[in-house]
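Biologist: Could you walk me through this structure? I'd like to start with the charged side chains and then move on to other topics.

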Amino acid sequence: MLSILTRTDHHVEDFGQLVEAGRAAYRMIHPDAGEDEVRAEVPDVSRALYEILHANDDQPPLPFPAAKPIAGLIWFLSTREAMPTGLHDSPEDPFGVAGEADESLLYAHRHLYVTAWRNGPPPMREGGP
């Protein structure tokens, strides 16, 4: 088996914009929804993230709405078993194969998106999730 683990970290300055992006995604899927319905269905960041993924066929869109990518990492690992494939089955530790990386890492790639942030992103403002 080949497991591909990806991580991309993003800086979000205004989580309200992320909620609005989720509401826009909901409107795209439900064009007849009224504003009260949109606000009720997408009240927070958690639901906004769901709607953004749902509108993008369950794949994170890049660039991600209201977020600036900082750095990314992709690991290609040789693994013994595949994750469960049942719709309602989730692995106990979906990234547990990373613990075996010393023996099974086939290739790793890292990318820095924002080289101007040499000391990390700006500090978060109050009001994050």
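Biologist: Is Arg27 buried, partly exposed or exposed?

Modeller: This is a predicted model, and in it Arg27 counts as partly exposed because its relative accessible area is 29%, which falls between the 20% limit for buried and the 50% limit for exposed.

Biologist: And which residue does Arg27 form a salt bridge with?

Modeller: The partner of Arg27 is Glu35, and the closest N and O atoms of the pair are 2.7 Å apart. Glu35 is also partly exposed, with a relative accessibility of 39%.

Biologist: How many salt bridges turn up in the whole structure?

Modeller: A search of the whole structure finds five. One of them joins the side chains of Arg7 and Asp9, at 2.8 Å from N to O. Arg7 is exposed, with a relative accessible area of 54%, whereas Asp9 is partly exposed at 31%.

Biologist: Which residues are linked in a network of salt bridges?

Modeller: Glu41, Arg47 and Glu51 are linked in that way. Arg47 is partly exposed at 29% relative accessible area, and Glu41 is partly exposed at 33%.

Biologist: What about Glu51, buried or exposed?

Modeller: Glu51 is buried, because its relative accessible area is 2%, and buried means under 20%. This residue lies in helix H3, and, leaving out residues up to four places away in sequence, Glu51 touches Gly22, Ala25, Tyr26, Ile29 and Val42.

Biologist: Changing topic, which residues make up the largest nonpolar core?

Modeller: There are ten residues in that core, including Val12, Phe15, Leu18, Val45, Ile52 and Phe64. Helix H1 (15-29) and helix H3 (45-55) are the elements that give two or more residues to this core, and H1 gives the most, with five residues. Another core, of five residues, lies apart from it, and among its members are Tyr26, Ala33, Val42 and Ala48.

Biologist: Let me step back to the overall layout: in what order do the elements of the chain run?

Modeller: Starting at the N terminus, the order is β-α-α-α-β-α-β, so that, with helices and strands counted as DSSP runs, the chain has four helices and three strands. Of the contacts with a separation of 6 or more, 77% are between residues 24 or more positions apart. Buried residues make up 23% of the 129 residues.

Notes:
Residues numbered from 1 in each chain as written. Predicted model: local features only at pLDDT ≥ 70, side-chain atom pairs only at ≥ 80, totals over all residues. Heavy atoms only, no water. Buried < 20%, exposed > 50% of the residue type's maximum accessible area, 1.4 Å probe, protein only. Contact = heavy atoms within 4.5 Å. Core = buried A, V, L, I, M, F, W, Y, C linked by side-chain atoms within 4.5 Å. Salt bridge = Lys/Arg side-chain N within 4 Å of Asp/Glu carboxyl O.
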